[in-house]
Amino acid sequence: MNPLEEPILKYIIWFLVCVFSSVITAISGGGGMLSLPVLISLGLPEAVLLGTNKAVLTTGTLTATIRYIKSGVVKFNRLLITSCFISFFAAIGGAECSRYLDTQWMLYLLLFIISSLFCIEFLKKRHPQKEKNKAKTPLLFIYLTVISMGFYNGFFGPGTGVISFFLFSYLTPMKVMESVAFSKTIAVVSSLTAFAYFTYLGRIDWSYAGIGILGAIIGSWTGAGIALKVDSKKVKIFFNVILSIFLIKILFDIFY
C-alpha cells in the first residue's frame, strides 16, 4: 500500500503544512497557495477543496490579525472600516461564483497570480511611487481594489494577502507593517464571510478542517510574532522567496 494513502500519515502531513503555510500567511500572506495544492494532492473531493482550505486560511488570518491589533499596528480609521464593509459584500458574490471552478483551473489560476505578482514587483522597482503621489491616490481606486480582493478571496482565496499587500503598499503611504496589517484585516472580513457561506453549503471536510485549524492557530501566532520583530526589508525578501517556491510547486503540479 502506498504510504500516502494511510489516513494518519495524510493528517500528519496536512497538520505540518498548515503550521508552515500559516506562518507564511501571517508574515506575508499567500499560505493558501501552498495548502491548496497539498489538499489536491491528498485527494480531497473537488466539492470541498476550497471550503476546507478556507477554514484554515480564515483561522490563520484571524489569529494573525488579532496579534497585529494587540500590537497597535492596525489603524481603525474610516478607510479601514469602509473597506471592511465593502469586502463583506464582495466576498459573498465571490463565494457564490466559486462553485463553477474545477481543480485544473485552480492550478492555472495560481500560476497566473504568482506570475502577476512578480510583474507587479518588477514594475514597482522600475517605477517607484513617490510618497506624495501615493497620498493623492483616489479613494475610489482603493475601494475598487478592495472590491476585487474581497471578491477574489470569496471566489478562490490563495494569495489574497500577498496581492493586497503589494497593491496597498504601492497605492497608499502606509508603511510596510501597516500595509500588512491593513491587508490582513480586510482579508479577515472576506474570509469569514466566505467561510460562513461554505459552511452553510456543506462544502467543508471537517476532519481535515479541524486539524488544519489547530495548525493554523499555532503557525499564524508564531508568524505574526516574527513579522513584528524582523526588519521590513527582510519581510519583502521573504515574500519573493516564498513566491518563487510557489511558482516551482505549481509548475510541477501542472506538468507532472
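User: What makes H3 and H10 count as roughly parallel?

Analyst: In this predicted model, helix H3 (residues 46-71) and helix H10 (residues 206-229) pack at an angle of about 30°, with axes 8 Å apart. Axes are lines fitted to C-alpha atoms, for helices over the stretch in contact, and angles run from 0 to 180 degrees between N-to-C directions. Angles under 35 degrees count as roughly parallel, over 145 as roughly antiparallel, 65 to 115 as roughly perpendicular and the rest as oblique. So H3 and H10 are roughly parallel to each other. Local features here need pLDDT of at least 70, side-chain atom pairs count only at pLDDT 80 or more, and totals for chains, interfaces and linings use all residues. Residues are numbered from 1 along each chain as its sequence is written, and side-chain values use heavy atoms, with hydrogens and water left out.

User: Which residues of H3 and H10 meet?

Analyst: Among them are Thr-52, Ala-55 and Arg-67 in H3, and Tyr-208, Gly-212 and Trp-221 in H10; contact means heavy atoms within 4.5 Å. The residues of that contact divide into 13 nonpolar, 8 polar and 2 charged.

User: Where do the axes of H1 and H10 come, and at what angle do they cross?

Analyst: The axes of helix H1 (residues 7-27) and H10 come within 6 Å and cross at roughly 35°.

User: How do you know that residues 206-228 are helix or strand?

Analyst: Helices (H or I, at least four residues) and strands (E, at least two) are DSSP runs, numbered from the N terminus. Over residues 206-228 the chain is 100% helix and 0% strand.

Key
Nonpolar A, V, L, I, M, F, W, Y, C, P; charged D, E, K, R; others polar.
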